[in-house]
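Please open the model in your viewer and keep the selection tool at hand. The tour below goes from stop to stop, saying what to select next and what is there.

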Amino acid sequence: MKTLGEFIIEKQHEFPHATGELTALLSAIKLGAKIINRDINKAGLIDILGESGLSNIQGEQQMKLDAFANDALKAALEARGVVAGIASEEEDNLVIFGKEKSTHGKYVVLMDPLDGSSNIDVNVSVGTIFSIYHRITPIGTPITEDDFLQPGHKQVAAGYIIYGSSTMLVYTTGCGVNAFTYDPSIGVFCLSHENVHFPQSGNIYSINEGYYSKFPAGVKKYIKYCQEEDKTTNRPYTSRYIGSLVSDFHRNLLKGGIYIYPNTAQYPNGKLRLLYEANPIALLAEQAGGKASDGYQRILDITPTKLHQRTPFFVGVQHMVDDAEKFMLEPAE
């Protein structure tokens with residue numbers, strides 16, 4: 001089978017001005033994924049479960065694995081010398097890599113090192129999400145927040161690693177979506193799902209209905225629509241919710257569905273992070289023939305104003321997101 005490394009090199013011809021740095025960057029993410037996968041599979045045997053006792057900038061309790069995954073990816077990216085710096089959900093501010101070679105790096109990386117990490121204590125699938133941009137500040141100068149506050153449509157590449165019954169790396173460079181399954185016996189990711197697309201129709205909706213009373217009226221109407229019986233549209237849909245964005249999106253990508261995390265009374269601007277979660281997943285969704293929205297506009301067209309900006313998020317099969325947007329636009333009764 002074709003390995004991830006072979007696939008990346010093979011695809012370089014699609015970028016006539018490529019000099020190999022993006023290949024090295026993706027290889028660094030691949031290495032970080034292997035390290036995280038190794039220790040996740042030892043959860044319960046080594047002391048990486050539970051809370052670390054620290055909070056991130058959003059005031060959320062960090063899990064031990066959050067900090068471990070963040071450090072592992074950060075070290076792997078800095079060692080390659082092609083990344084000028086990173087922004088992470090687990091870092092208060094952007095991190096500028098200090099090596100001179102890194103200062104001349106063309107890329108910046110944004111990441112959620114371990115999405116759904118609270119699920120690791122109960123052996124539920126978790127993931128890593130990454131987003132790659134060309135820096136916009138001059139090469140050789142220190143990077144600034146402007147390098148990271150770019151709209152999602154300017155992403156060079158994006159992807160995620162899902163650590164589940166098998167470990168898979170799914171990514172896009174704007175030329176379709178491909179998925180690679182990790183074979184631990186030989187230590188390589190092998191191409192297992194080429195040119196992945198959403199099914200044309202879906203019948204799964206994923207949302208935490210425990211917060212139903214706090215949802216906007218449009219979301220409540222859409223949930224009722226999903227639950228109504230209508231054979232012409234294959235309703236009622238099936239409700240499936242894991243509580244890990246990567247896991248829910250991955251299932252819906254392969255099976256056909258929509259994932260929704262709307263704004264609520266507690267999170268009036270939404271809870272998911274635009275830069276670390278919504279943008280990379282949105283790019284993957286569009287490359288797989290799907291759609292991603294905040295309920296009213298395309299996620300990839302939003303110009304961010306701060307590193308840890310939040311957003312409502314609707315992503316999945318295109319007609320399902322279209323339907324949800326229609327309900328969001330209806331006047332409240």
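Predicted model: local features only at pLDDT ≥ 70, side-chain atom pairs only at ≥ 80, totals over all residues.

Residues are numbered from 1 along each chain as its sequence is written, and side-chain values use heavy atoms, with hydrogens and water left out.

**The sheet**

Begin with the strands, bearing in mind that helices (H or I, at least four residues) and strands (E, at least two) are DSSP runs numbered from the N terminus. Eight strands make up an open sheet with mixed pairing, in the order β4-β3-β5-β6-β7-β8-β9-β10, where two strands count as paired if DSSP finds at least two bridges between them. Select 95–96 and 188–193 to see the edge strands, β4 and β10, each of which pairs on one side only. Then select residues 83–88 and 107–115: these are β3 and β5, which run parallel and are joined by five bridges. Within this pair, G85 stands opposite V108 of β5.

**Two helices on the sheet**

Next, select residues 245–255, helix α6, which packs on the sheet and touches β5, β6, β7, β8 and β10; contact here means heavy atoms within 4.5 Å. The direction of α6 makes about 100° with that of β7, with axes taken as lines fitted to C-alpha atoms, for helices over the stretch in contact, and angles running from 0 to 180 degrees between N-to-C directions.

**The nonpolar cores**

Which residues have the most contacts inside the largest nonpolar core? Select Y160, Y222, F249, I281 and F313, which hold that place in a core of 49 residues. A nonpolar core is a set of buried Ala, Val, Leu, Ile, Met, Phe, Trp, Tyr and Cys residues joined through side-chain atoms within 4.5 Å; buried means under 20% relative accessible area, exposed over 50%, and partly exposed in between (1.4 Å probe, protein chains only). The largest share of this core, seven residues, comes from α7. Centre the view on Y160, whose contacts, leaving aside neighbours within four places in sequence, include F130, M168, F249 and I281. For a second, separate core, of 40 residues, select members including I40, A69, L77 and V95.

**Salt bridges**

A salt bridge is counted where a side-chain nitrogen of Lys or Arg lies within 4 Å of a carboxyl oxygen of Asp or Glu, and by this rule there are 13. Select K221 and E330, whose closest N and O atoms are 3.4 Å apart. K221 lies in helix α5 and E330 in the segment after α8, so this pair ties together parts 109 residues apart in sequence. K221 is buried, at 18% relative accessible area, whereas E330, at 38%, is partly exposed.

Move on to K291, which forms salt bridges with D322 (2.5 Å, N to O) and with E325, where the closest N and O atoms are 2.7 Å apart. E325 lies in helix α8 and K291 in strand β15, 34 residues apart. K291 is partly exposed at 21% relative accessibility, while E325, at 12%, counts as buried. Finish by selecting E228, D230 and R235, which are linked in a network of salt bridges.
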